[in-house]
Amino acid sequence: MDRHMSYVQKHPKVTKDRLLHFMSKNMLQDVNLCAALYNGRVSGAPHVKLEIWAANGLERPTFAVAAKQEYSPVEVGHSFGPSWASHWVRATLQIPEEFAGKEVRLIFNPSCEAMVWSETGEPLQGITGGNGIEKHVDYVITKCAPQLLELQQQPLRVVLYLEVASNGMFGNGEYMIAAPDPNRKFELETADLVVYNHDAWALYYDLQILKDLADPLPDTPSVRAWQALATANAMVNAFEPGDPDTIAKARAIGAQFFAAKGGEANHQVYAIGNCHIDTAWLWPYDETKRKIARSWSTQMDYMDRYPEYKFAASQAQQFEWLRILYPALFERVKEKVKCGQFIPIGATWCEFDANLPSGESLVRQFLLGQRYFEKHFGERSKVFWLPDTFGYSSQLPQIVQLAGAKYFFTQKLSWNNINKFPHTTFRWIGLDGSHILTHMAPAETYTAQATAIQLVDSLKKHKDIAYSNESLYLYGNGDGGGGPLEAMLERLRRVEDVDGMPKVKHAHPNEFYEHVEKTAKELVSWKGELYFELHRGTYTSQALTKKLNRQCELLLRDVEMLSVLAQTIDSGFVYPADELTRMWQQVCLNQFHDVIPGSSIEMVYQDSTAIYEEVVASAVSLKQQALSVMIASSTDALHATGLAVVNTSSWARTEVVAVPGLVQQAGSGGVQQMRKRDDLALVLATVPGCSVHAVDLSTQAAAVEQVTPVRVVREKDGSVVLQNAFVAARISADGRLTSLLDLQQQRELVPSGASGNVLELYDDLPIYWDAWDIEIYSQEKVRLVQGASITVVDEGPLVASVAVEAKVGKASSIRQWISLSASSARLDFDCDVDWHENRKCLKVAFTWDIYSDQATYETQFGVVQRPTHRNTTWDMAKFEVCAHKFADLSEYGYGVALLNDCKYGYSTLANTMTLTLLRAPKAPDANCDMGRHSFRYAVYPHTGTFNESNVVREAYHFNLALSHLPVDLSATNLAALSSFFALDNAPNVVLDSVKAAEDDSRDIVVRLYETYGGHARVILSTSLDVAAAHTTNILEEKDTELELRQAVAPGQGQSVALSFRPFEIVTVYFSTSPRKN
């Protein structure tokens, strides 16, 4: 018996531990492999001379500014800080004579992030300090240090600048998602020159692969796992510290293992590097701009050193920041794009949240993104790239196709916390029947580390292997940037074709998808939304952000439409195309998937709020300019004899509008009611669709006589009834809706013993992801808001209202104005909340005498239905869902919709609907949503099922207020401002947007969609002077020419006939001159 033979099969765990210690950088490093990784090291003067300059406050100065400053000596051990501060280190490096002929690197570990700059101001490479897996602290000074003789007996001297950012890869929190510590410091741990030992590092990477392949032992044995363990063990035996020849001997042993190739039928992995830089998250936008430069400069260095390497980057916004702030780097990117190594991908302006933005916002994401990529890189993206967002709208397949893309990549559903998503490679079928080839990386990450274990998982976890034997593999440090490391690229080189592993190739994602299209057999399909079973709190967190987003979306809609109309009225009016593009870029930026969902730090929301407010100010100004052109006779309220009321929806509207500056004169025929809570005049207005209509203020008394006035009835129990011609709503003394009676149908909608407007306060303690999650167990612990008081405020004839006040939780309060107008069955709830809770969630609930297995929720360009029961775990997982302007619960013959003006989190269980109003998470923003909030919701009863109702119309009206200007009627002629656009024959079609064409602002683009899920044939008429009409995609590329006909209604000009399939989006391009083809 040989005493010196290996018994690894009898003690695999011991041998695996031996490998760990042999490669450990924390113990035995003086005698293990780590002792050989560098063949020389120097620090301190004269070889490493360091000087520092600190920028003021939180400024991020440019290189040009920093290079002119006075620098002071600094040494290893210095602390950079506080959080977010910038420091510039000037490093004067002198290469020792003994390093001649060798590769020399600078090891600079500031424990935070940094950028290496040349002495002449060229950004060279990023640094990621610290000791995490993302650590990258070496910079190659020279591949071969010259001899002194070559340098005329002077040592090589190199000057570098290091721009140090006082933040880690993941910001400045105590733990990853913690709110930032404003006084965090980072120690300069290392500043050394080293000689890099390529042979020793190569052995290190060999052993990493073998260790991973042996990892399943002994629980999951395989021939190759045992061979890997035995090979690694033999390599350790061959190594002798201090003897470089033994490194080659050890590698030769490993080469025999790697020489065994896989079979033709092996799984094929398509590897693509990426660094997934969150455009904002645990750091502000301004730091992202530096992360982009740090990360992408590093990757382009690797492209030079690894010709096979391919790297993908998404988000046109990030490319644009680089173009503006780092023009030389942007030119390098363009060079690498041309040679096929740097791959712009994704098709969108940013990696957006796919739940909350409107349909038109999604269109603009693709319009801005695809046009940018085509302009700067000569081609559009075929792949919609969204690896990390919190659910996927069912209209995305159609929008992706209309944007000229055809493939989709994500992986986020692997995070589901209740059900495991069943597919990897499949056809995703959208709301309208459009489908796109979709792949979710089976490695279940977009920040893979290029390890053998993960590569094997690409096969093991592939759920559609019966149909497609290939997968995408996204590797590289990410979220905070960084990207692939040298070690990852080295490991991938070793496993391109090794028995026991999938084959690996560096590839453009297009190559993967195109190969799947050609070879996959009968791929399965998934119909409808890709609901994410986690992060349901993102429908609610950061309420102001969501409110401002909705406001901007609607404002930009109005500005575009009114500017088109102003241009047709006055040839001297210039359509503000550039400013509108800029504003849409800003709104789309804030729709990034960690900003609008509410999952970023407080600094981000300071920035995003400032962006929104600037967009609102500019949009309001542009809207006013367009209206001033259209309504030249506007005056001040005191001298007004009428109102010019503007309706930008395509439906006629009769509503009560609240107008500042007007007064009520007793006994006159003018204003008949002032709203008491804000002293605004209430005016009844009827306006055709897409029109400006004059309302004669002197005839308001006569107009009011044409409607049944709303009235107030006080009851003995303290409750108050608000009643108009349509409904009677009883509000109890504690502010709850205890009865809603449809007077025309004589139908009671609130069951006996139940009520609506029930304010519920829940404990809101997620397992980990504070701002992100509402957990299902939160519903088990609820406290109803009690002790409200009620006061009658308005008593008609146009509006009746009551005020409800209540204390909420320990430190918060709410005041509501519940109102009913004479013109609608809609009951409105205007809310002001002073919110100061800690990890609580406020909801409002309504219980109806309606029963259905499905509730209907608005999504982008349509609706989705979801279960009102929890029969299965898939049903149960949807205990909180996203909706836009409404949710509806209908049975045969009747239904009720719950509308909102800025909320997105809904739930319907049996016959109770809830709307989530506010949350109070403490991470990553410790002050999330603290303070005052104003928002509105409403209930709208209707006859018929949802598909037979006008809920969509009412939700638009609730969100899209009628604009108005005071005018002098004697100097006003608004007859020509009627029915710029009209829809006939299809109540299920919505005219959603009117804008100028991207490439010629004189031409007009109109976007419509079918909203209820049925076919339609609609006549679209316009009174504008148009010469030709075509259907287009959302990139405004003309497709089918449409026949222009004389409109049926007088004064409507010309019309086109359009056909719709269920939930189809149709874009029409009107040319305004015969010059167009």
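A residue is called buried when its relative accessible area is under 20%, and exposed when that area is over 50%. The model under study is a predicted one.

**Exercise 1. Determine which residues of helix H12 are buried, and what follows for the helix.**

Step 1. Helix H12 spans residues 486-494. Applying the cut-off there gives Glu-486, Ala-487, Met-488, Leu-489, Glu-490, Arg-491, Leu-492 and Arg-494 as buried.
Step 2. Eight of the nine residues of H12 are buried, so the helix is largely enclosed by the rest of the structure.

**Exercise 2. Classify the packing of H14 with H16, of H6 with H7, and of H8 with H9.**

Step 1. Helix H14 (residues 543-569) and helix H16 (residues 602-630) have axes that come within 8 Å and cross at roughly 25°. An angle under 35 degrees counts as roughly parallel, and H14 and H16 are therefore roughly parallel to each other. The crossing of H14 past H16 is left-handed.
Step 2. For helix H6 (residues 285-305) and helix H7 (residues 316-325), the packing angle is about 85° and the axes are 10 Å apart. The range from 65 to 115 degrees counts as roughly perpendicular, and H6 and H7 are therefore roughly perpendicular to each other. Residues of H6 that meet H7 include Tyr-285, Ile-292 and Trp-296, and their counterparts in H7 include Phe-319, Trp-321 and Leu-325.
Step 3. Helix H8 (residues 327-338) and helix H9 (residues 359-377) cross at roughly 85°, and their axes come within 11 Å. H8 and H9 are therefore roughly perpendicular to each other. Phe-330, Val-333, Lys-334 and Val-337 of H8 make this contact with Tyr-372, His-376 and Phe-377 of H9.

**Exercise 3. Identify the residues with the most contacts inside the largest nonpolar core, and describe the surroundings of Trp-848.**

Step 1. The largest nonpolar core contains 275 residues, and those with the most contacts inside it are Trp-296, Ile-631, Trp-848, Tyr-937, Phe-981 and Leu-1020.
Step 2. A second, separate core has 34 residues, among them Leu-93, Leu-124, Val-137 and Val-164.
Step 3. Beyond its sequence neighbours up to four places away, Trp-848 touches residues including Leu-737, Leu-749, Val-750, Leu-889, Met-913 and Val-939. Val-750 is also touched by Ser-755, a residue in the loop between strand S32 and strand S33. Ser-755 counts as buried because its relative accessibility is 16%.

Definitions and conventions. Residues are numbered from 1 along each chain as its sequence is written. This is a predicted model: local features need pLDDT of at least 70, side-chain atom pairs count only at pLDDT 80 or more; totals for chains, interfaces and linings use all residues. Side-chain values use heavy atoms; hydrogens and water are left out. Helices (H or I, at least four residues) and strands (E, at least two) are DSSP runs, numbered from the N terminus. Buried means under 20% relative accessible area, exposed over 50%, partly exposed in between (1.4 Å probe, protein chains only). Contact means heavy atoms within 4.5 Å. A nonpolar core is a set of buried Ala, Val, Leu, Ile, Met, Phe, Trp, Tyr and Cys residues joined through side-chain atoms within 4.5 Å. Axes are lines fitted to C-alpha atoms, for helices over the stretch in contact, and angles run from 0 to 180 degrees between N-to-C directions. Angles under 35 degrees count as roughly parallel, over 145 as roughly antiparallel, 65 to 115 as roughly perpendicular and the rest as oblique. A crossing is left-handed if the near helix is turned anticlockwise from the far one by less than a right angle, and right-handed if clockwise.
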